[in-house]
Structure formats: structure tokens, C-alpha cells
Amino acid sequence: MSFDEELSAAAGKVNDIIAKFLPAEKGYARTVIEAMNYSVNAGGKRLRPLFIYETDRMYGGDTKEAEPFMAAIEMIHTYSLVHDDLPEMDNDEYRRGRRTTHAVYGPGMGVLAGDGLLNYAYETVLKAILDETDETMKARKARAAYLLAVNAGIYGMVGGQCADLESEGGAEPADSDTLMYIHRHKTACMIESGFQIGAILAGAPEKDIEDLGKIAEKIGVAFQIEDDILDVVGNSEEVGKTLGKDAAEEKATYVSVHGLARSREDVKRLTREAIGLYDGLSAKNDFLRTLIESMMTRTK
């Protein structure tokens, strides 16, 4: 089986897991629940929950324990995309090759769908903690839930989004330091959650958990730089969203600040550094290592 086939099969497995945790579409809240499920079921790479699954497996964990966190991290990631696409933010009408949530359900319901996904993510992991009878595992789940919340909040993704939004409205575009802050927080923080939560749940060594965070930061920044590159040279149909908007809106990106050649080289450098750290971990997962490398050459 080729790596692409393995990745497709893994994404399918993740989709099946996420589906088990989505809310039933019924009652007076049916419309917002439909919008929530529409958003999650739009597809995507499922990288963040896949990182949780593979790191948990790498350290010998029971992947059933990781499933609520896999669903929750994808709900949080999806909520951020739903809100990103709103008219008040990026005003995108297409995501992952189909109409965005606000384009289908209206901006108001788009806001509620994002709010619903964020809250339901926390409901999902808190239930997993409350249902846990083993005290060691309960403590691990509580730590994982705290990490998930911090990386999604004002000191993580929301903070990155805040800096991104303010840089758009400023008299001067974001400088290199601000841009790196945005990439580390808006993108890398949630990838850190993906790498570290699985290891935490499996009881990995503390040094490995720390290094997984460093690996994820490098991967997350490289991933966002690659997004900036694809916005310039990508294929709109393949990427599944409108391209060229950053340049049209004169928004600062890694490419506009550092140029295309430097951006490509930095993606390679950060990926090499991440792989170097990965090879020093006490456990190994060949699929995960190949996945990290493949993110450097993605076209969507």
C-alpha cells in the first residue's frame, strides 16, 4: 500500500470516529446543529485528530481513549474555519471545494455554528473526563483538555487570529515578527495540541511530550508558510478555496515579506529540523514520520 493510500485510509478512519461524536439533528436547535454538522462534514485533511491518533498509538496508548479528543480538536479547528470565512473576517464563500457555512445558512447562523462547535468540543472532552474511572487516566485527560483549551484560546489560536485581524487594519502591514507570532499561534498551536495530546494520554515520557511540542511548532509554521505559497502558485480547484485574495487585499504574508524562494527554503528547513527532533524521540512511528515529510510537498 502506498503512503497516499495509507493516508486516505487513515483519514477515513478518523472520519468514522468523528461521526460518532457529532450531535443529533433534532429539536429547536436543529438548524444550528445541521450547520455544525455541515461544517465538520465538509471534509479536509483531518491532520490534527490524525496526529492525536498516531502519537497515542506510537506510545502504546489505547486509541479508544483518544477518540473524544480527536473529535473535539476537529470541532475546534472547524469552528475556526467557519468564523474565518464570515463576511466580517475573510469573507470566503468556498471552502474545501463547496460553499462555506455562512454562504449556505447565513452569517448569523454561521456565528452560532462556530460557537456551537467550540462549546460542543469542550462538552465532549469533559464528558470523557467525568466518565473516566481510572484516576491516572482521568488526570491525563484533564491535562489534555487543559492543553486543548489553552492552545485554542487567547494565548493560542484566538490570540493569533486577533493579531492577524489587527494587522490587516493597521496603517502598516504586519512585519516579520508579527507574522511569525500569527503563524505560531493561529496555526501551530492547534497542531501542537494534536501532537502532544496523544502522547499525554498514552503516558509518554515528559521529554518526548516537550519535544513533540517543538516538532509541532516547526511543522505548524511550515504548514502556514506553505499555505501562503499555495495562495500565490496553487491551483484553486485542487486547493478547494479562493486563491490570490491575500495579494488582492494587500495582506502581509510570508511570501510577500520574504519572497517565494526564501519561503520555500524555510519550509524545507523547518521540516528538516522537525524530522531531526522526531528522530530523537524514544518511540517511532514510520507513518507519522512520512506524514510530516509529506506536508512539505503538498499541493492542497
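This is a predicted model: local features need pLDDT of at least 70, side-chain atom pairs count only at pLDDT 80 or more; totals for chains, interfaces and linings use all residues.

Me: How far apart are the end C-alpha atoms of α3, and what span should its residues give?

Reply: Helix α3 takes in residues 47-58, and at 1.5 Å a residue these 12 residues should span 16 Å, which agrees with the 16 Å that separates its end C-alpha atoms. Just after α3 comes G60, which takes a positive phi of about 80°.

Me: How are two packed helices described?

Reply: Two packed helices are described by the angle between their axes together with the distance between those axes. In the case of α3 and α9, the packing angle is about 25° and the axes are 7 Å apart. Angles under 35 degrees count as roughly parallel, and that makes α3 roughly parallel to α9. The crossing in which α3 passes α9 is right-handed.

Me: Which residues make the contact of α3 with α9?

Reply: From α3 come R48, F51, I52, T55 and D56, while α9 brings M190, I191, S193, G194, F195, I197, G198, A199, L201 and A202. Divided by kind, the residues of this contact are 9 nonpolar, 4 polar and 2 charged.

Me: At what angle do α9 and α10 pack?

Reply: Helix α9 (residues 176-202) packs with helix α10 (residues 206-233) at about 135°, and their axes are 7 Å apart. With that angle, α9 and α10 are therefore oblique to each other, and their crossing is right-handed. The residues of the contact of α9 with α10 comprise 14 nonpolar, 6 polar and 5 charged.

Me: How are α2 and α6 placed relative to each other?

Reply: Angles from 65 to 115 degrees count as roughly perpendicular. Helix α2 (residues 30-40) and helix α6 (residues 107-131) pack at about 75°, with their axes 8 Å apart, and the two are therefore roughly perpendicular to each other. In this packing, T31, V32, A35, M36, S39 and V40 of α2 meet M109, L112, A113, G116, L117 and Y120 of α6. The contact of α2 with α6 has 9 nonpolar residues, 3 polar and no charged.

Me: With which residues is Y79 in contact, leaving aside its neighbours within four places in sequence?

Reply: Those contacts of Y79 are G114, L117, L118, M157 and V158. Y79 is found in helix α4, and at 9% relative accessibility Y79 counts as buried.

Me: How far apart are Y79 and L112 in sequence and in space?

Reply: Along the sequence Y79 and L112 are 33 residues apart, whereas in space they are 9.6 Å apart, taken from C-alpha to C-alpha.

Terms used: Residues are numbered from 1 along each chain as its sequence is written. Side-chain values use heavy atoms; hydrogens and water are left out. Axes are lines fitted to C-alpha atoms, for helices over the stretch in contact, and angles run from 0 to 180 degrees between N-to-C directions. Helices (H or I, at least four residues) and strands (E, at least two) are DSSP runs, numbered from the N terminus. Angles under 35 degrees count as roughly parallel, over 145 as roughly antiparallel, 65 to 115 as roughly perpendicular and the rest as oblique. A crossing is left-handed if the near helix is turned anticlockwise from the far one by less than a right angle, and right-handed if clockwise. Ala, Val, Leu, Ile, Met, Phe, Trp, Tyr, Cys and Pro count as nonpolar, Asp, Glu, Lys and Arg as charged, and the others, Gly among them, as polar. The expected span of a helix is 1.5 Å times one less than its number of residues. Contact means heavy atoms within 4.5 Å. Buried means under 20% relative accessible area, exposed over 50%, partly exposed in between (1.4 Å probe, protein chains only).
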